[in-house]
Amino acid sequence: MLEWLSAGIDIVLVAVIFLLVLGLARYLAPKQHNPFKSQVYECGIFPVAEISQFNIRFFVIAIMFTLFDIEALFMYPWALDFKELGTLGVVEMFIFLFLVFLGWIYAYKKGALEWQ
Amino acid sequence: MAEFVFFVLALVTIVGALGTVISRNAYASALWMVAAFLGVSGLFIMLNAPFIAMLQIIVYAGAIAVLIIFVMMLMDRRVLNNKERFNPQYLWGVVLGVGLLADLSALAFKFRINLSHIGENLTLNGSNTKMIGDVLFKRYLFPFEITAIILLIALIGAVVLTRKDINT
Amino acid sequence: MIVYYMIVAVLLFAIGATGVMIRRNFIIVLMSLEIMLNGAGMLLIIMAYYLGNISGQVMFIFVAAVAASETAIGLAIAVMMYKRKGSLDINNFSMLKK
């Protein structure tokens, strides 16, 4: 029972703070909705289509982030086992890093990371 | 107490998964998916796998869910939240899904392994991360290097697939 | 107790499979696939716990790596099809027919 106590207090605290902040924002924030305010800003004419806030070029960068995130994940157990694995561990990890880095070189060479 | 915590986490997981599949709004669907992943992560902590639980949060709820929501933000809201959610033959899909569920749960209830000649349940002596590292870098060395090639191919594939469409 | 964990994993897998079969939106199909993979991975963790063998947890790391690669490629296909067809409905993606 006692070992769950700290986790329980944590969860209750998080829930209370979360609801408190949301409730406070709802109570304090001014509410003035109107359809023109939530529209895309155009100089007078009515907008014909929705625009996306982000350029699609960011997509390749987002994908590279995900894949290098996985790569970093493999380094946590490696870092803890660094001493026991010795030189072989370093070689193994650098082969791994090199293979993933080849992908970055490819994306760079193909100009996927450039803004034209 | 452990049963109660398990029940709450299982409820979060299942409701999150159902919300992902049923939800009308694609953004809401993605957030339900994050809820399901967080529930699964809690279950992993209950199963003595704290490193995997953190991995679940970092990779699934962090990277993958953010990538999916990011791609949704690139797209027109009206295309994304189409009026018709389900395929015309969705009833057959549900029937097949329920059949799969019945089949697999029957298997799960039948599942028995005599533990006497295998060993005890997993206990954590020392760091879970270190235990994983001991096995990963010795016994599973080759799969580990193959994973690098999978990641490489995924990166090259994503660049090849989107390059033409991005530059127009 | 272990059988209840297995039931949760099976439920995740079945719900994900149903989502793959019934939804039209390609991105939501990808999310359902993610849930299916997570259910399968959860079974690995359950067996690692039950059999006292850490290898199951190592396998889950490989599953996570494959899941991330699969999402990256899937979303690249989604972006490509959105740009070319202006739609995310998988019933519009059947270009190999005819």
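This is a predicted model: local features need pLDDT of at least 70, side-chain atom pairs count only at pLDDT 80 or more; totals for chains, interfaces and linings use all residues.

Me: What pattern do the elements of chain C follow from the N terminus on?
Reply: Chain C has 3 helices and 0 strands. Helix 1 covers 2-22, helix 2 covers residues 26-51 and helix 3 covers residues 55-85. From the N terminus on, the pattern is α-α-α.

Me: How are helix 2 and helix 3 of chain C oriented to each other?
Reply: The axes of helix 2 and helix 3 of chain C are 9 Å apart. Their packing angle is about 175°. An angle over 145 degrees counts as roughly antiparallel. Helix 2 and helix 3 of chain C are therefore roughly antiparallel.

Me: How many nonpolar residues are in the contact of helix 2 with helix 3 of chain C?
Reply: Helix 2 of chain C contributes residues including F26(C), I27(C), L30(C) and L37(C). Helix 3 of chain C contributes, among them, M59(C), F60(C), V63(C) and L75(C). In this contact, 1 residue is charged and 6 are polar. The nonpolar count is 15.

Me: What is the radius of gyration of chain C?
Reply: The C-alpha trace of chain C spans about 50 × 25 × 20 Å along its principal axes. A compact globule of 98 residues would have a radius of gyration near 13 Å. For chain C the value is 16 Å.

Me: What percentage of the residues in chain C is buried?
Reply: Chain C has 98 residues. Among its contacts with a separation of 6 or more, 46% join residues 24 or more positions apart. The buried share of chain C is 63%.

Me: Which element gives the largest share of the side of chain C that touches chain B?
Reply: The contact takes 70 residues from chain B and 66 from chain C. On the side of chain C, helix 1, helix 2 and helix 3 each give two or more residues. The largest share is 24 residues, and it comes from helix 3 of chain C.

Me: How many residues of the side of chain C that touches chain B are nonpolar?
Reply: This side takes 66 residues from chain C. Of these, 6 are charged and 13 are polar. The nonpolar residues number 47.

Me: Is L104(B) buried or exposed?
Reply: L104(B) sits in helix 5 (residues 90-110) of chain B. Leaving out residues up to four places away in sequence, L104(B) touches V10(C), F13(C) and A14(C). The cut-off for burial is 20 or more C-beta atoms within 10 Å. L104(B) has 20 such neighbours, so it counts as buried.

Me: Why is chain B described as more spread out than a compact globule?
Reply: Chain B has 7 helices and 0 strands. Its C-alpha atoms fill a box of roughly 60 × 40 × 30 Å along the principal axes. The globule rule gives 15 Å for 168 residues, so chain B is more spread out because its radius of gyration is well over that, at 20 Å.

Me: What share of the residues of chain B counts as buried?
Reply: Chain B has 168 residues. Of its contacts with a separation of 6 or more, 55% are between residues 24 or more positions apart. The share of chain B that counts as buried is 36%.

Me: How far apart do the C-alpha centres of domain 1 and domain 2 of chain B lie?
Reply: The domain assignment gives domain 1 of chain B as 1-83. Domain 2 of chain B is 127-168 in that assignment. The distance between their C-alpha centres is 22 Å.

Definitions and conventions. Residues are numbered from 1 along each chain as its sequence is written. Chains are lettered from A and ligands numbered from 1 in the order in which they are written. Axes are lines fitted to C-alpha atoms, for helices over the stretch in contact, and angles run from 0 to 180 degrees between N-to-C directions. Helices (H or I, at least four residues) and strands (E, at least two) are DSSP runs, numbered from the N terminus. Angles under 35 degrees count as roughly parallel, over 145 as roughly antiparallel, 65 to 115 as roughly perpendicular and the rest as oblique. Two residues are in contact if their C-beta atoms, placed from the backbone, lie within 7 Å. Ala, Val, Leu, Ile, Met, Phe, Trp, Tyr, Cys and Pro count as nonpolar, Asp, Glu, Lys and Arg as charged, and the others, Gly among them, as polar. The radius of gyration is taken over C-alpha atoms; the globule rule is 2.2 Å times the number of residues to the power 0.38. A residue is buried if 20 or more other C-beta atoms lie within 10 Å of its own, exposed if 12 or fewer, and partly exposed in between; C-beta atoms are placed from the backbone. Domain bounds come from an automatic or database domain assignment.
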